[in-house]
Amino acid sequence: MQNKHLIPYYTTILDLSPRDMQQFIDMMDRPLPYVIRVCKSTPYYENVVKIVERMGFKRMCDNVYVLENEGESVVENEGEGMVGKGRDSVVENERGSVVENERESVVGKGGGGKGSMTGEEREGVTENEKNEENEMEDALDKKKEENGKEGVLDKERESVLDNDKEEKHEITNTENETTNKETINIKNTKENETTNKENTKDKNEQPSQPNNHCITPPLIKKYLTILTDLNLITRQELVSILPSSFLITLKTRKGALQVLDLCAAPGSKSTHMLENNITLTANDVSLKRCFVVQHRSAHMPKLLTNANGLSFPRPAVPYDAVLVDAPCSGDGTFRKNRVVVGDKNVRLMRALVIKALSMVGDGYVVYSTCAVDPVENEWVVQSVRDECEVVSVDEVGNDMFEMVRMDCNDRNGCDRNGYDRNGCNDGRDNCDRNGSCDNIPNPNIPNTKTKINYFNSNDRHVNGKYKIFYREGLTEWTTPTEYKSENYHELKKCMRFYPQDNNSGAFFIAILRRRKKNGVKGEDVKVEDAKIENTRVKDVKIEHNKVSSHNLTPHHTSNENTTVLTMNGTKYSYASPTLIHTLLSHYKLILKGHFITTPNTNRIYYINNNDQLNVANKTNVVSIGILLFTKIRDDQYRMNNLWYFGRYVRECVVVDEMMLRRMIDGERVDELRGKGLCVVRCRTWYYCVCGGRDRVDVYVKDKEKEIIRVMMGDAMV
């Protein structure tokens, strides 16, 4: 237990009963489940879902999947957990890979049942198998020396070893079926023949992974890495998905939503919102972390800025919502990180919330942290109660998760019906302050004394949504600091998430709405010489400022030599209308918006939001819009990001899977000879290709080609 030294700290700051506190502590040494989101904004969505399901993932809700650690299709990896490090369980490197992690493996720890094989037993079996193989090899060597027939005996040796391995494999499979501890999903020949017949009936249905193919841990790890690098999946902790899920629900009800993510890095929440067509402005104070966000969201249009959150410019039109995933102590991430509790920048967190409130009209501010200390959570909300009110989860709603408030006097974990997580009907009268319970069994839930495996229990799904248990916010807390509680009753509308309730990390969310004041339109927070990374903000000055706004000139009437903005040290101006008209006509594109380019016109970006251009003129821009064209030679441009722009292509060359396979394998395709640069479509997949006299070049990454082959029926190797 790497954070055992913090048990007195958690016991002091948390108001939990002895039984609940013990469950909290027990979760410290348990690895987090491997939860991913499948990107919905790519044309590969349905195919990627099939791939992750073949690897043993199970759907939780919407596009969220968890790696099962029980069942036939899961390969156990000798007890090592697949645990990420850093916020949102993702390694923050430029590649965005999930595998560069010291503790990372492929499946959760302890995935088997009560009869699963231990590590020592597995080592013993492995040593016995090696000894038997060595004895067989020695016997064959002697026979080889006696007969002198090397070629025949080599073949005999290979066949004997192969047969022996197959027999052992069948014996192992039979034993695993008897003990219900299969580590490899093996189907018999008749089932394979039935599957093949069903696949041949529907030509459009893709052949699945052979059922007798062993998806080993290295294979799972390899394809998880590839899918992550291609931004087809994102690893994200379960409770970390909640803040963006509330904003997605608001977007669904309102129809359109403009959101500012004030502290966006590493970008998992930002990409979640972009996948659901939210108009997003993402900001972070760290330039290095901004590049991580850009890598994850390069195929989706947005404005990405690098600025101090306290000095972020107010837009001409207020945002509909602002997400403040504030930098905190991270003392709720003890299941994936080594927590060091030091000075807490509470004043900065408060200032960020006030800044966010100044940039919304009648909208919402979603404040979240991965901390459990009330000073970083409830006190911040309490300190801004004159500026805003706390909104209950019932008012906002959540279309992804079924939010269940655990309502019990001693916070032992009873839901609204009086049932706790283990199926015990405490009733509010049966729980005492010492954490005892009469343990009245619930007839609807068997094995009430056994802990529920939340991800495998059908009780966690209600009307297609996944149950998330939360506790109400604290109105009283004990702290040696100056940040005392004032018994503010609206804090009960805040949401606390504990690891023992959802098999996750600890988290806090408060949904705030600005109070209406006569004559006051908003506030800008200014901090002199403040840097979020290193400076502890103590004195926050609040001033009333008026931000001037101007309307940008549309592209077709703008001066192409006028500098629009500076992005990463490069000046961008409006692209030539003649050049844009030529390229749009060549690729049969229908687009309306702004097109900006570099001085040498090597790259052309597409921007479809005037408000984002307005903000970009006042801050440091890392990325804006989405890259549309890249120059490959004189006056020839290839099209980029067809995952997004494919829907705007009016005409293209339609190819079948056979032809697409030949193209990505580098074979000659006569049908596209001499076509030049063009767009081809296979199913709903769009690609930019260059058809020359001798070959056809497909502008696709090698990793994407490998995924395409798997989606077309090739085995995962």
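Predicted model: local features only at pLDDT ≥ 70, side-chain atom pairs only at ≥ 80, totals over all residues.
Strand 7 covers residues 302–306, and five of its five residues are buried.

Strand 7 runs parallel to strand 6 (residues 279–284), and four bridges join the two. Within this pairing, Asn-283 has Thr-305 of strand 7 as its bridge partner. Asn-283 is also among the residues in contact with Ala-264, a position taken up in the next section.

## The annotated binding site

The UniProt record, an unreviewed entry, places a "binding site" feature at Cys-263, Ala-264, Ala-265, Pro-266, Gly-267, Ser-268, Lys-269, Asp-284 and Asp-325. These positions span 63 residues in sequence, but no two of their C-alpha atoms are more than 13.1 Å apart, so they gather at one spot.

Cys-263 is located in the loop between strand 5 (258–261) and helix 9 (268–275). Ala-264 belongs to the loop between strand 5 and helix 9 as well. Are these residues buried or exposed? Cys-263 has a relative accessibility of 10% and counts as buried, because the cut-off for buried is under 20%. Ala-264 has a relative accessible area of 6% and is buried. Apart from neighbours within four places in sequence, Ala-264 is in contact with Ser-270, Ala-282, Asn-283, Asp-284 and Val-293. Of these, Asp-284 is itself one of the positions in the UniProt feature.

Four strands make up an open antiparallel sheet in the order 2-3-1-4. Its edges are strand 2 (57–61) and strand 4 (233–235), each of which pairs on one side only. From one strand to the next, the twist averages 35°.

Strand 2 and strand 3 (residues 64–67) run antiparallel and are joined by four bridges. In this pair, Cys-61 is opposite Val-64 of strand 3. Helix 9 lies across strand 1 (35–38) and strand 4, and runs at about 35° to strand 1.

Strand 18 (residues 563–567) and strand 19 (residues 570–574) run antiparallel, with four bridges between them. Thr-563 is placed opposite Ser-573 of strand 19. The two strands form a hairpin with two residues between the strands, where Asn-568 takes a positive phi near 55°.

Strand 19 also pairs with strand 20 (residues 594–597), in the antiparallel sense and over two bridges. Here Tyr-574 stands opposite Ile-596 of strand 20.

## Helix packing

Helix 7 (residues 217–229) packs against helix 19 (residues 702–711) at an angle of about 115°, and their axes are 10 Å apart. The crossing of helix 7 and helix 19 is left-handed. On the helix 7 side, the contact is made by Lys-222, Tyr-223, Ile-226, Leu-227 and Asp-229. Helix 19 contributes Lys-703, Glu-706, Ile-707 and Val-710.

In helix 2 (residues 18–26), the buried residues include Asp-20, Met-21, Gln-23, Phe-24 and Ile-25. What do the buried residues of helix 2 pack against? Their packing partners are helix 1 (7–13), strand 13 (465–472) and helix 14 (499–502).

## Cysteines without disulfides

A disulfide is a covalent bond between the sulfur atoms of two cysteines. How many disulfides does a search of the whole structure find? The count is zero. For Cys-652, the nearest cysteine sulfur is that of Cys-678, 9.1 Å away, and Cys-652 is in no disulfide. Cys-652 is partly exposed, at 29% relative accessibility.

Cys-678 is buried, with a relative accessible area of 12%.

Key. Residues numbered from 1 in each chain as written. Heavy atoms only, no water. UniProt positions renumbered as here; feature names shortened; annotations may be inferred. Buried < 20%, exposed > 50% of the residue type's maximum accessible area, 1.4 Å probe, protein only. Contact = heavy atoms within 4.5 Å. Disulfide = S-S within 2.5 Å. Pairing = 2+ DSSP bridges. Axes fitted to C-alpha atoms, helices over the stretch in contact; angles between N-to-C directions. Left-handed = near helix turned anticlockwise from the far one by under 90°.
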